[in-house]
Amino acid sequence: MFQANYPVIGIQECYPVYLTGIGISDPEFHTHREEGLISHQILFTMSGKGKIIVGDKEYTAGKGSIFYVASGEPHTYYPIDGDWRTYWVVFRGDSLDAMMARLGFGRYVVKTINDITEVKKLYEQIAAAAREPGDGAGHCSMLVYQYILLMHKLLIVQQENRTGTVVDNAIMYMEKNYRDDISLQTLASVCGISTQHFCRVFHDKIGMRPMEYLAMKRISSAKVALLDTNAPIAQIGKRVGYKDANYFGIVFKKYEGISPREYRNSHKHIG
């Protein structure tokens, strides 16, 4: 089953936000958009499962998954169990790109929520308004704007309310695993959010980038080892996560102003 409504673009273009399409795909199609859509799109899953590929990442969408993608952003999605039912809304606006960016959406967002009742209810109101005879453009524009604000609450605000938990999880992971190879992608995955969003919330909360925090943790641990043991400097570097002794020295000097050897010598006890 495929149901769609594409309003005739006309008078609604005078509104800041206007609907360009709304529909249900049951099942959803295999869709590949190399250059993205002209419109912004919000697609949520009612049942089944699908695969979403966007921003060089892959996501599995199940019931309650919401996918926002900005205009012009390449993406692909397709069913993976043959019964992927999606509800989608596409919309435009003269200043919409800037507005969505200010709201924190970025180029795309993929998130799963537990209860989609509120989303489905507002979707149905938009679909009904799109079928209104005569000029329902104003009503439709208002509902689409409400839909965007609802998505902002579900995808951005509620996620940012978890910022403390996200940052705590990342710090706990780094404190425990700082000796291992750790990438931004690893930390973001541990926290269950995109790399871009993780970097932003971490910096907003801590005041430094995640990899800066990790480097400072490693150097702090190295300083203790330099003074409490006679281990070779290269070995200490490896213990704290730096396989390359030269790079360890560069990072150490960046944060301490002197080399590891100079630090050890300057703190030797006299007596």
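These are my notebook entries on a predicted model of a protein.

**Conventions**

I worked from a predicted model, in which local features need pLDDT of at least 70, side-chain atom pairs count only at pLDDT 80 or more, and totals for chains, interfaces and linings use all residues. Residues are numbered from 1 along each chain as its sequence is written, and side-chain values use heavy atoms, with hydrogens and water left out.

**Overall form**

I noted 10 helices and 10 strands in the protein; these are DSSP runs (helices: H or I, at least four residues; strands: E, at least two), numbered from the N terminus. I looked up the radius of gyration, which is 25 Å, whereas a compact globule of 271 residues would have one near 18 Å. That radius is taken over C-alpha atoms, and the globule rule is 2.2 Å times the number of residues to the power 0.38. Along the principal axes, the C-alpha atoms fill a box of roughly 95 × 40 × 30 Å.

I then looked up burial: 45% of the 271 residues are buried (buried means under 20% relative accessible area, exposed over 50%, partly exposed in between, with a 1.4 Å probe and protein chains only). For contacts (heavy atoms within 4.5 Å), I recorded that 72% of those between residues at least 6 apart in sequence join residues at least 24 apart.

**Two loop glycines**

I located Gly-48 in the loop between strand S4 (40-47) and strand S5 (50-54). Beyond four places in sequence, Gly-48 touches Ala-61, Gly-62, Lys-63, Asp-81, Asp-83 and Trp-84. Gly-48 and Tyr-18 stand 30 residues apart in sequence and 29 Å apart in space, C-alpha to C-alpha.

I found Gly-93 in the loop between strand S9 (85-92) and helix H1 (96-102). Gly-93 counts as buried because its relative accessibility is 18%. Leaving aside neighbours within four places in sequence, I listed Pro-16, Val-17 and Tyr-18 as its contacts. Gly-93 and Tyr-15 are 78 residues apart along the chain, yet their C-alpha atoms are separated by 7.2 Å.

In helix H5 (residues 184-191), I recorded Leu-187, Ala-188 and Cys-191 as buried. Viewed down the axis of H5, these residues fall within an arc of 95°, so they line one face of the helix; the arc is that of the directions from the helix axis to the C-beta atoms. An α-helix has 3.6 residues a turn, so residues three or four places apart point the same way. Gly-192 follows H5 with a positive phi, near 75°.

Helix H6 (residues 195-206) has 12 residues and reaches 16 Å from its first C-alpha to its last, close to the 16 Å expected at 1.5 Å a residue; the expected span is 1.5 Å times one less than the number of residues. I listed Thr-195, His-197, Phe-198, Val-201 and Phe-202 as its buried residues. Down the axis of H6 they fall within an arc of 160°, so they line one face. The face turned away from that buried side carries the exposed residues Gln-196 and Asp-204. Just after H6, Gly-207 takes a positive phi of about 90°.

**Arg-264**

I placed Arg-264 in helix H10 (residues 260-266). Arg-264 is buried yet has no salt bridge, and the nearest side chain of opposite charge, Asp-228, is 9.3 Å away. A salt bridge is a side-chain nitrogen of Lys or Arg within 4 Å of a carboxyl oxygen of Asp or Glu; Lys and Arg count as positive and Asp and Glu as negative, while His and the chain ends are not counted. Not counting residues up to four places away in sequence, Arg-264 touches several residues, among them Ala-225, Leu-226 and Ile-233.
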